[in-house]
Amino acid sequence: ESQLCDIINNLQFDLIDLFHEKLTDYLKTYFYIGGMPEVVASYVHDKDFQKVRHLQKRILSDYKSDFLNHIPSEILDKADKLWESIPVQLAK
């Protein structure tokens, strides 16, 4: 795909239009996989979206467990609700 990268880097819009569907598919894949190194490496190696989703969920669960261990117990419930609301807030 280095030729596609060259086309984009050189702003060859007439050629970019020819590859619109392929580039859109790549963008959707990027949006789904995200930028977590372990997840990206897994996708590059296996091309398995189910494994990608499993890793994403595990990493998010690990984040949540980690920060909940460092929060005072009196605000633990609020912090948990805040964490769970992040996807809704981002969707806005």
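Predicted model: local features only at pLDDT ≥ 70, side-chain atom pairs only at ≥ 80, totals over all residues.
How many aromatic pairs does a search of the whole structure find? The search finds four.

Helix H4 covers residues 37–46 and helix H5 covers residues 49–68. The axes of these two helices lie 9 Å apart, and the helices pack at an angle of about 165°. Because angles over 145 degrees count as roughly antiparallel, H4 is roughly antiparallel to H5. The crossing of H4 and H5 is right-handed. On the H4 side, the residues in contact are Glu 38, Val 39, Ser 42, Tyr 43 and Asp 46. They meet Phe 49, Lys 51, Val 52, Leu 55, Gln 56, Arg 58 and Ile 59 in H5. Sorted by class, the residues of this contact are six nonpolar, two polar and four charged.

H5 also packs with helix H6, which spans residues 76–91. Here the axes come within 11 Å and cross at roughly 155°. H5 is therefore roughly antiparallel to H6. H5 passes H6 in a right-handed crossing. From H5, the contact uses Leu 60, Tyr 63, Lys 64, Phe 67 and Leu 68. From H6, Leu 76, Ala 79, Asp 80, Trp 83 and Glu 84 take part. By class, the contact of H5 with H6 holds seven nonpolar residues, three charged residues and no polar ones.

The aromatic pairs can now be taken up again; the search of the whole structure finds four of them. One is formed by Tyr 30 and Phe 31, whose ring centres are 6.2 Å apart. The planes of Tyr 30 and Phe 31 stand at 50°, and the pair is tilted. Are Tyr 30 and Phe 31 buried or exposed? Both are exposed.

Phe 67 and Trp 83 form another tilted pair, with 5.0 Å from centre to centre and 55° between the planes. This pair links distant parts of the chain, as Phe 67 is in helix H5 and Trp 83 is in helix H6, 16 residues apart. Both residues also belong to the contact between H5 and H6. Trp 83 has a relative accessible area of 23%. Since buried means under 20% and exposed means over 50%, Trp 83 is partly exposed.

Conventions: Residues numbered from 1 in each chain as written. Heavy atoms only, no water. Axes fitted to C-alpha atoms, helices over the stretch in contact; angles between N-to-C directions. Helix = DSSP H or I, 4+ residues; strand = E, 2+ residues; numbered from the N terminus. Parallel < 35°, antiparallel > 145°, perpendicular 65-115°, else oblique. Left-handed = near helix turned anticlockwise from the far one by under 90°. Contact = heavy atoms within 4.5 Å. Nonpolar A, V, L, I, M, F, W, Y, C, P; charged D, E, K, R; others polar. Phe/Tyr/Trp six-rings, centres within 6.5 Å; stacked < 30°, edge-to-face > 60°. Buried < 20%, exposed > 50% of the residue type's maximum accessible area, 1.4 Å probe, protein only.
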